[in-house]
Amino acid sequence: MAVEKRVVSGLYRDSVTLMQCASRVEALPGVEKAGAMMATPANLDLARDAGLLQASESVEAGPNDLLLLVQTIDAADADAAFQEAERILTEVPKAAAGDERAEVAPRSIRMGLAAKPDASLVLVSTPGEYAASEAIKALHLGMDAMVFSDNVSVADEIEMKRLAHDAGLLLMGPDCGTAIIGGVPLGFANVVRRGDIGVIGASGTGTQQVTALIDRWGAGVTHAIGTGSHDLSADVGAVTMLDALSALEADSETKVLVLVSKPPSPEVAERVLAAASAARTPSVVCFLGADPASIERPGVTAAETLEDAAALAVELSTGEAPPGAADAADAAAAKAAADALAPSQRFIRGLYSGGTFGYEAALLLSARLGAVHSNTPARPEDAIADVWKSVGHTVIDLGDDVFTRGRPHPMIDFRLRVDRIAEEAQDPEVAVVLLDCVLGYGAHEDPAGQLVPAIVAARQSAEADGRRIAFVASVCGTEGDPQGLAGQERALRDAGVLLGRSNAHAARIAADIVASHEGSEPQ
Amino acid sequence: MTAASMALVLGAGFEFASSGLCVGDHVSFDGAVLLVAADGPHSIAADAPGAACYDGLLCRVGLGVDPSTLSSIEGAARIRREAMCGRSALNSAASAKCDALLGELARSTARGETSAAEQAARALLGLGPGLTPSGDDALCGFMLGRRVNGGGDGLADRAVKSVAFEAAGFTSDVSAVQLALAAKGRFGEALLGVATGLHAGISLLARADVVRCLDEGATSGADALLGLVAGVRAGAQPTRLGLDT
């Protein structure tokens, strides 16, 4: 057994390299022990204690030198060990391989703030466990925070929101996918023109629908504030929605407010509506599925659908109601689609990428057609048993956790929806396939381009079986979006898709087709 | 302002409009510590019972750190250190010696045994693997940890700081500089983040910084966290708080 030492001077390597060096050399055949340590007095003592240096042995090295030590069975193995050690130590680190120094991205909020001192908002998108930690740091630095992350505990959410509220700051989220702050789209959001309508949404796609329609009808948005999907729960108590309401009420540019959510718990709803009613700014409130009579009060107008919310807000903003549906044309198109259906074709299959779109469709369809089976059901008893298998009228939110585990969201990755469209086309009972198509930042660069081939293939497959399926969709987006609204709508229309101007409109067209086919008059 | 307890307000010139407090003021606070750093134009409610101010933001804060938080930080740091040290006998011996010395350092500083504390600190200098040897990193963490629970200012602590301040010759130059800065109350952002999170009693605040710390160097962050935990546990009854940011 032999112990050899070598001193390397003037070589600085980080700790990771030094420790990898020792581990890799020790793993070589014939090597019993290896060390790569700075030759500090303490480490020399340590090596003596470990038998790698003789008690009396002096070493010509100082604390800035690297001491390599190897204990081998055969002295001949030591040379190979030192060669390997030197090879590891002289490897050019990957980061330094290029001639130019890479710009170091900020690794913390403080670093980011140092690089951009006028920043006032932090967007947090980390695994849920760490999101609250980062958001609280942002609050401590006096900045508002948008927490895109989900899987944040309710306790963390309550703590973050309490801190934000006490500091007079805004905490959007967690699970806040959409916001537009001062004209800047954040997360999944559309490019909408600036205007005087402020939107506060507990639902990402709900906010996208309202803001996109406002833009379509020539009005504009001051800010769209996301609250996160749990904000209006009894536990959280709508802290963010109430704070956002106060903030927009104080904003001199905001003349109209729109509040969007699924129905909150009654006491939370009452608190929010009382605050909206007390505000000087008139509000339009869309609590999807709630009784409008429970919402209406002075200064507060109830909207049944997201489209209604946008239309009422535009009317309050501009003094003119937006152009309504071309009802006659809709009826004719629905009738034509219904006439082409085979007798077996009775059901609607809604395949959604936006959860709120799915919920809104389920609400509207079930009001017209009875039970609509769904993973985002209008009534609890209509919860679908197997999300992978449609039955009767079905609406599926493909953005549900069960579908997104291990794959991107269906607004980005269309594979799941393409497969499901093909599957539905095989079902002889399917009359209508109802779709949403979401544009904007965060979404796929060409959603229609993903859907059209699937629609064409599904139609051909059904026609080979003697059936003609109606495809109905709405595109949620604006002309300013990277994908462009007109081009996306044209692509779908050219593929024979009946287009609604909104999700609600599309759902009604779908219901009209089925109702017409059943012999009922479209409503 | 309510009954006096203790607080030290630190940071650059900054005035709290509603309270008239300036950074640098000693202020009164009922049963809690007030720490005011220089960030953010937040007013504070100085009469809130059992509350304190962290980075200018009012928090619910009690004295003392949740022991389970310390245990989980310690566990994570040990896992990281073991993973990085591999099977190297020399590294393992260094870790074991480092732990023993850290234990001795904690015991002696908590008891105010100046000479023993100085000796343990000196033995940690330059000990173990890494460009900044493990013992140095642990010592840095320890000095910060002592401050979290309001210690860090006794004679034994001062002796430890002098050892750290004059580490040149006992360790690499890089590490000696880091130790000198730590002795002066200057720490890396992530480690300071963990300490302030612990101090503020918001364990979740520390979570992300613990992860960030563990990613520093091979075992540097882990060693510093182990030192920090030892320092916090060795914290005496709070007498004074000070964190330079």
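In chain B of this predicted model, 65% of the contacts between residues at least 6 apart in sequence join residues at least 24 apart. Chain B contains nine helices and four strands, and from the N terminus on its elements follow the order β-β-β-β-α-α-α-α-α-α-α-α-α. Of the 245 residues in chain B, 59% are buried.

**Helix packing in the two chains**

Two packed helices are described by the angle between their axes and the distance between the axes. One pair from each chain is set out below.

| Helix pair | Angle between axes | Distance between axes |
|---|---|---|
| H2(B) (residues 89-111) and H4(B) (residues 134-148) | about 25° | 10 Å |
| H7(A) (residues 204-216) and H11(A) (residues 306-318) | about 40° | 9 Å |

In chain B, helix H2 and helix H4 pack at an angle of about 25°, which makes H2(B) roughly parallel to H4(B). The crossing of H2(B) and H4(B) is right-handed. From H2(B), the contact draws on Ala94(B), Ser95(B), Cys98(B), Leu101(B), Leu102(B), Leu105(B) and Thr109(B), and from H4(B) on Ser134(B), Gly135(B), Ala138(B), Phe142(B) and Arg146(B). Sorted by class, the residues in the contact of H2(B) with H4(B) are seven nonpolar, four polar and one charged.

In chain A, helix H7 and helix H11 pack at about 40°, and H7(A) is therefore oblique to H11(A). The crossing of H7(A) and H11(A) is right-handed. On the H7(A) side, the residues that meet H11(A) are Gly206(A), Gln209(A), Val210(A), Leu213(A) and Ile214(A). Their counterparts in H11(A) are Leu306(A), Glu307(A), Ala309(A), Ala310(A), Ala313(A) and Val314(A). The contact of H7(A) with H11(A) comprises eight nonpolar, two polar and one charged residues.

**Two sheets in chain A**

Strands of a sheet pair through backbone hydrogen bonds, either parallel or antiparallel. S1(A) and strand S3(A) (residues 66-72) run antiparallel and are joined by seven bridges. Within this pairing, Val8(A) has Leu66(A) in S3(A) as its bridge partner.

Leu121(A) stands opposite Asp144(A) in S5(A).

**The contact between chains A and B**

The contact between the chains takes 42 residues from chain A and 45 residues from chain B. On the side of chain A that touches chain B, the elements giving two or more residues are helix H1 (15-26), strand S2 (31-38), helix H2 (41-49), helix H5 (128-140) and helix H6 (154-166) of chain A. H5(A) gives the most to this side, with eight residues. By class, the side of chain A that touches chain B has 22 nonpolar, ten polar and ten charged residues.

Ala34(A) counts as buried because it has 27 C-beta neighbours inside 10 Å, against a cut-off of 20 or more. Leaving aside neighbours within four places in sequence, Ala34(A) is in contact with Ala22(A), Val25(A), Glu26(A), Leu69(A), Val70(A) and Ala81(A), and also with Ser88(B) of chain B. Ala34(A) and Cys21(A) are 13 residues apart in sequence, and their C-alpha atoms are 8.9 Å apart in space.

Key. Residues are numbered from 1 along each chain as its sequence is written. Chains are lettered from A and ligands numbered from 1 in the order in which they are written. This is a predicted model: local features need pLDDT of at least 70, side-chain atom pairs count only at pLDDT 80 or more; totals for chains, interfaces and linings use all residues. Two residues are in contact if their C-beta atoms, placed from the backbone, lie within 7 Å. Ala, Val, Leu, Ile, Met, Phe, Trp, Tyr, Cys and Pro count as nonpolar, Asp, Glu, Lys and Arg as charged, and the others, Gly among them, as polar. Axes are lines fitted to C-alpha atoms, for helices over the stretch in contact, and angles run from 0 to 180 degrees between N-to-C directions. Angles under 35 degrees count as roughly parallel, over 145 as roughly antiparallel, 65 to 115 as roughly perpendicular and the rest as oblique. A crossing is left-handed if the near helix is turned anticlockwise from the far one by less than a right angle, and right-handed if clockwise. Two strands pair if DSSP finds at least two bridges between them. A residue is buried if 20 or more other C-beta atoms lie within 10 Å of its own, exposed if 12 or fewer, and partly exposed in between; C-beta atoms are placed from the backbone.
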